[in-house]
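Dear colleague,

I am passing on the structure below, together with some notes on what was found in it. Please read the notes with the structure open beside them.

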Amino acid sequence: MSEVVKNKKRFGVMRLSDAVFGGYRLPLAGFVSILHRISGMLMCLLLPFALYLLDQSLRSEVSFAMLHMFFASIPVKLVVLALVWAYLHHFSAGVRHLLMDFHLGLDKDSGRQSAVAVLFVSLSLTALVALKLFGVF
């Protein structure tokens, strides 16, 4: 074995804590992949809450009016906005993964460009929803 390979520090098993706190610089495609997993987990955890709210809104006009007042508060709007971001990011990253399943964009440069596209699409659509949610238009 050559001396270059022997003396080079290797990470061994890669953990998320190594990427966040260690010296490893995660590529943008890896960052988008981690956000894809986080958004899926966020949607999974908030799904019972969303179904409960849907159930309450369909019970009667009074419960719908109460939920309408509940959604007028800023913290609830921020939670809804987080759920909207999770859906939009998960959807756009899922389309990226489907394209990779068709062997499109597998090289390093295309992967970085598609990761930038996923972030741009999900954040810009979330910003549009935020403007509508907070009553700008």
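Ala 115 touches Leu 28, Ala 29, Val 32 and Arg 96, where touching or contact means heavy atoms within 4.5 Å, and where residues up to four places away in sequence are not counted. This comes from a predicted model, in which local features need pLDDT of at least 70 and side-chain atom pairs count only at pLDDT 80 or more, while totals for chains, interfaces and linings use all residues. Residues are numbered from 1 along each chain as its sequence is written, and side-chain values use heavy atoms, with hydrogens and water left out.

Ala 115 and Val 32 both belong to the largest nonpolar core, which has eight residues in all, the others being Leu 35, Trp 85, Ala 86, Ala 93, Val 118 and Leu 119. At least two residues of this core come from each of helix 3 (28-59), helix 5 (74-101) and helix 6 (108-133). A nonpolar core is here a set of buried Ala, Val, Leu, Ile, Met, Phe, Trp, Tyr and Cys residues joined through side-chain atoms within 4.5 Å; buried means under 20% relative accessible area, exposed over 50%, and partly exposed in between, with a 1.4 Å probe and protein chains only.

For the chain as a whole, there are six helices and zero strands, both taken as DSSP runs numbered from the N terminus (helices H or I, at least four residues; strands E, at least two). Of its 137 residues, 23% count as buried, and among the contacts with a separation of 6 or more, 67% are between residues 24 or more positions apart.

The unreviewed UniProt entry lists residues 34-54, 66-88 and 114-134 under "transmembrane region"; its positions are given in the numbering used here, feature names are shortened, and annotations may be inferred rather than shown by experiment. In the model, residues 34-54 are 100% helix and 0% strand, with end C-alpha atoms 29 Å apart, and residues 114-134 are 95% helix and 0% strand, with end C-alpha atoms 30 Å apart.

The axes of helix 3 and helix 4 (residues 61-70) come within 6 Å and cross at roughly 135 degrees, the axes being lines fitted to C-alpha atoms, for helices over the stretch in contact, with angles from 0 to 180 degrees between N-to-C directions. Helix 3 and helix 4 are therefore oblique to each other, given that angles under 35 degrees count as roughly parallel, over 145 as roughly antiparallel, 65 to 115 as roughly perpendicular and the rest as oblique. Helix 3 contributes Phe 49, Leu 53, Gln 56, Ser 57 and Arg 59 to the contact, and helix 4 contributes Ser 63, Phe 64, Leu 67 and Phe 70.

Ser 124, in helix 6, is partly exposed, with a relative accessible area of 29%. Ser 124 lies 9.8 Å from Leu 88, C-alpha to C-alpha, although the two are 36 residues apart in sequence.

Finally, the loop between helix 5 and helix 6 holds His 103, which has a positive phi of about 60 degrees although it is not a glycine, and which is exposed at 64% relative accessible area. Gly 105 is found in the loop between helix 5 and helix 6 and counts as partly exposed at 27%.

With best regards
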